[in-house]
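Hi,

Here's the structure I promised to pass on to you. Have a look at it first, and then read on for what turned up.

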Amino acid sequence: MTTGRGTTPGTGPATGARPTAPPAPRPARARPADRRAPGRAAPWVRLPGAGPRPADGGGSTTAHDLTVRHRLLLALSALLALSLFVSYQGVHGDANPLRTSTAPAVLSLDTALYALGQAERDAGAPAPTSDFQKQISVAAQSLSAAAADDDVGGPAGRQALQTIAGLITVYAVKVQKSQLQPDGSLMREAYRSYATSILTEKGTGIQDRLKALQRQQRAAVHRQTSFGLLLWLAWSVTLLLALALWAALLETQLFLRRRFRRRYNRQLLAALVLSAAGVATAVLFTVWTQRGMADTRRLLDSPLPGRLIPVAGRDTASYLAHTGFRASAAVWILIGGVLMMALAETGLRRHIDDYRFRPR
């Protein structure tokens, strides 16, 4: 029996059967457009509540990445608004009291001291004069203006002003009695000496009491106008948070453009513009206010001659103009923070909802 041509006995296929072809190789599976390649993980720290990140090659990471960026933008917006509000209030919170209270009190005490000095000069006249009475009235009115501010030295300061007002009345009465006595008489000299001691007695006289209140008020001016270490630290933190938020907004915009082929996200760009404009405006207002406060401190740092007191009052009002308006702008910082958070929420919420991602 002969075998078929081209076959080996015992091993060939059955007669008439077609040879089977080897299986075709399977094509390589294409990488999904929204799956991150190994080794290209974004440098974000996983935020609480963002859920576990899918393992490389194990599924889409877009939902997780969106949630991380969403939470990061909300946190940075809230922190920036809070830090900017605290830093802004640290400067502007003292500007309005300085303008309406502390600086006028310093000028009122300067006026009272100058008027009493002029009154002492007129007290040596042989008869009562209208100039003496005029200077006493100026001193009394200046003390009343200073006493109208409840913050002048606290309760002790108010008590000191009442005591000084009473001593001025006694001083004026003794001077008038001395002027009514015959020139050269012992009673005239006694009244005159007693009046002078009331005015100039070391430690307990009117002038020393007023100078002590002046020192307290000038110390208050220095406290209100100083830009100390805590304020420098607060503003440094605020600027760092602003830079972090701007970087996060730009990175999120690039992320959305790469993943969803969207050129711009209007909400995120609006949040970027709003935060930059808000921080720039707050910094500019702060520079203006702090400069005016520093000029006021230099002006009030030493007692002023009587003729310069009205000029100093006008200059102080000019230096501290519009500080009340700038201080009232602090509430807009909080409103802006809420608006930034709303823009970040609406800018990413639609993409998050498209993936139906629920944070664990």
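Let's start inside: the largest cavity has a volume of about 40 Å³. Keep in mind that this is a predicted model. How many cavities of 30 Å³ or more are there? The count comes to one. If you want to find the spot, look for Leu73, Ser77, Leu245, Leu249, Ala271, Met340 and Ala344, which line the largest cavity. H1, helix H6 (229-260) and H10 are the elements that give two or more residues to that lining.

The largest pocket comes in at about 320 Å³ in volume. It is lined by 18 residues, and those closest to its centre are Leu84, Gly278, Val279, Trp332 and Ile333. Which helix gives the largest share of this lining? That's H7, with eight residues. Helix H1 (62-122), H7 and helix H10 (330-354) each supply at least two residues to the lining of the largest pocket. Sorted by type, the pocket's lining has 13 nonpolar residues, five polar and no charged.

Now for how some of the helices pack. Helix H7 (residues 266-300) packs against helix H8 (residues 309-319) at an angle of about 165°, and their axes are 9 Å apart. Angles over 145 degrees count as roughly antiparallel, so that is how H7 runs relative to H8. On the H7 side, the contact is made by Gly292, Asp295, Thr296, Leu299 and Leu300, and on the H8 side by Ala312, Asp315, Thr316 and Tyr319. H7 passes H8 in a left-handed crossing.

H1 and helix H3 (residues 154-180) are another pair to look at: they pack at an angle of about 15°, with axes 12 Å apart. Angles under 35 degrees count as roughly parallel, and H1 and H3 are therefore roughly parallel to each other. Here too the crossing is left-handed, with H1 passing H3. To see where they touch, pick out Leu109, Leu116, Ala119, Glu120 and Asp122 in H1, which meet Leu161, Ile168, Tyr171 and Gln179 in H3. The contact of H1 with H3 divides into six nonpolar residues, one polar and two charged.

Cheers

Notes
Residues numbered from 1 in each chain as written. Predicted model: local features only at pLDDT ≥ 70, side-chain atom pairs only at ≥ 80, totals over all residues. Heavy atoms only, no water. Axes fitted to C-alpha atoms, helices over the stretch in contact; angles between N-to-C directions. Helix = DSSP H or I, 4+ residues; strand = E, 2+ residues; numbered from the N terminus. Parallel < 35°, antiparallel > 145°, perpendicular 65-115°, else oblique. Left-handed = near helix turned anticlockwise from the far one by under 90°. Contact = heavy atoms within 4.5 Å. 1 Å grid on protein atoms, 1.4 Å probe; cavity = no way out; pocket = protein on both sides within 12 Å on 5 of 7 lines; lining within 4 Å. Points joined across faces, edges and corners; volume = space filled by probe spheres on them. Nonpolar A, V, L, I, M, F, W, Y, C, P; charged D, E, K, R; others polar.
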